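Good morning, and thank you for coming.

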Amino acid sequence: MTRIRRGYIARRRRKKIRLFASTFRGAHSRLTRTTTQQKMRALVSAHRDRGRQKRDFRRLWITRINAVIRENKVSYSYSRLIHDLYKRQLLLNRKLLAQIAISNRNCLYMISNEIIKQ
């Protein structure tokens, strides 16, 4: 009997996995079984860290806003600022406020002073 050549489907699947893991180090990019495991592990980490990244950036923005607000007035805090913004129905998110706090502190001081006056 003549030898039957295998199909291309399994080779295509392994090639796709190997392409994904081509930047990994050592056996993690060369051996099929380890490559598959590392791919699954990488995708799990990526999924988990997308949520964590959102959390971390929110914490960073809050810290920056709080630091700048407390420099201006000792009695005024981040939580009071956010509360007053909601009371006045000003739609400024934390990312925007943090950018204002870093680039132009006087603008943030003006916003907080306007909120206090009303």
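Let me begin with a definition. A residue counts as buried under 20% relative accessible area, as exposed over 50%, and as partly exposed in between. Please also bear in mind that this is a predicted model.

With that definition in place, consider F20. Its relative accessible area is 35%, so F20 is partly exposed. The ring of F20 takes part in an aromatic pair with F24: the ring centres are 6.2 Å apart and the planes stand at 90°, so the arrangement is edge-to-face.

How many aromatic pairs does a search of the whole structure find? The search finds 2. Beside F20 and F24, there is the pair of F57 and W61, with 6.0 Å from centre to centre and 40° between the planes, a tilted arrangement. Both F57 and W61 belong to helix α2, which covers residues 32–72, and they are 4 residues apart, about one turn of the helix. Their accessibility can be stated briefly. F57 has a relative accessible area of 38% and is therefore partly exposed. W61, at 22%, is also partly exposed.

I turn now to the charged side chains. In general, side chains of opposite charge can pair when their charged atoms come close. A search of the whole structure finds 4 salt bridges, and I shall discuss some of them.

Which residues are linked in a network of salt bridges? They are R48, D49 and R52. D49 pairs with R48, and the closest N and O atoms of that salt bridge are 3.2 Å apart. D49 also pairs with R52, where the closest N and O atoms are 3.8 Å apart. R52 and D49 both lie in helix α2, 3 residues apart, which is about one turn of the helix. As to accessibility, D49 has a relative accessible area of 31% and is partly exposed. R48 is partly exposed at 41%, and R52 is partly exposed at 40%.

Another salt bridge joins the side chains of R105 and E71, at 2.7 Å from N to O. R105 lies in helix α5, residues 105–117, whereas E71 lies in helix α2, so this pair ties together parts that are 34 residues apart in sequence. E71, at 51%, counts as exposed, because the exposed class comprises values over 50%.

Finally, I come to the packing of helices. Two packed helices are described by the angle between their axes and the distance between the axes. Helix α2 packs with helix α4, residues 94–103, at an angle of about 45°, and the axes are 9 Å apart. That angle makes α2 oblique to α4. The crossing in which α2 passes α4 is left-handed.

To close, let me return to helix α2. This helix holds the tilted pair of F57 and W61, contains both R52 and D49, and contributes E71 to the salt bridge with R105 of helix α5. Helix α2 also packs obliquely with helix α4. Thank you for your attention.

Definitions and conventions
Residues are numbered from 1 along each chain as its sequence is written. This is a predicted model: local features need pLDDT of at least 70, side-chain atom pairs count only at pLDDT 80 or more; totals for chains, interfaces and linings use all residues. Side-chain values use heavy atoms; hydrogens and water are left out. Rings of Phe, Tyr and Trp (its six-membered ring) pair if their centres lie within 6.5 Å; planes under 30 degrees apart count as stacked, over 60 as edge-to-face and the rest as tilted. Buried means under 20% relative accessible area, exposed over 50%, partly exposed in between (1.4 Å probe, protein chains only). Helices (H or I, at least four residues) and strands (E, at least two) are DSSP runs, numbered from the N terminus. Axes are lines fitted to C-alpha atoms, for helices over the stretch in contact, and angles run from 0 to 180 degrees between N-to-C directions. Angles under 35 degrees count as roughly parallel, over 145 as roughly antiparallel, 65 to 115 as roughly perpendicular and the rest as oblique. A crossing is left-handed if the near helix is turned anticlockwise from the far one by less than a right angle, and right-handed if clockwise.
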